[in-house]
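Colleague: Could we go through this model together? I would like to see how its parts are arranged.

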Amino acid sequence: MRGELGRIGNNLNQLAHAAHLGEAVHCQDTLQDIDRLKDRTDILLRSLRSGRPRRLRSASVPVMH
């Protein structure tokens, strides 16, 4: 879960950094990636609450550089 949250934070930081530099920010794909990661994190949290942790398939999520 730490990795999932780290990727969300990383994507948001990269968008904010680009925006502060005055760069044109094309964020639709990144926002969709963030939504997917958020959904996966929600599923993981629910499974932990139920006492039955599930292993989630790793998703390939591009990171902006």
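Colleague: What covers the buried residues of α2?
Modeller: This is a predicted model, where local features need pLDDT of at least 70, side-chain atom pairs count only at pLDDT 80 or more, and totals for chains, interfaces and linings use all residues. Residues are numbered from 1 along each chain as its sequence is written, and side-chain values use heavy atoms, with hydrogens and water left out. Helices here are DSSP runs of H or I with at least four residues, numbered from the N terminus. The cover over the buried residues of α2 includes α1 (2-20).

Colleague: Which residues of α2 are buried, and on which side of α2 do they lie?
Modeller: Buried means under 20% relative accessible area and exposed over 50%, with partly exposed in between (1.4 Å probe, protein chains only). By that cut-off the buried residues are Thr30, Asp33, Ile34, Leu37, Arg40, Thr41, Leu44 and Ser47. Their arc, taken from the directions from the helix axis to the C-beta atoms, is only 145°, so they lie on the same side of α2.

Colleague: Which exposed residues does the face of α2 turned away from its buried side carry?
Modeller: That face of α2 carries Gln28 and Arg49.

Colleague: And α1: which residues are buried there, and what do they pack against?
Modeller: Glu4, Ile8, Asn11, Gln14, Leu15 and Ala18 are the buried residues of α1. They cover an arc of only 130° around the axis, which puts them on the same side of α1. On the other side of α1, Arg2, Asn13, His17 and His20 are exposed. The buried residues of α1 pack against α2.

Colleague: Is α1 roughly parallel or antiparallel to α2?
Modeller: Axes are lines fitted to C-alpha atoms, for helices over the stretch in contact (heavy atoms within 4.5 Å), and angles run from 0 to 180 degrees between N-to-C directions. The two axes come within 9 Å and cross at roughly 160°. Angles over 145 degrees count as roughly antiparallel, under 35 as roughly parallel, 65 to 115 as roughly perpendicular and the rest as oblique. That makes α1, relative to α2, roughly antiparallel.

Colleague: How many residues does α2 have, and what does it reach from its first C-alpha to its last?
Modeller: The expected span of a helix is 1.5 Å times one less than its number of residues. For α2 (residues 28-49) that expectation is 32 Å. Helix α2 has 22 residues and reaches 32 Å.

Methods. Helix = DSSP H or I, 4+ residues; strand = E, 2+ residues; numbered from the N terminus.
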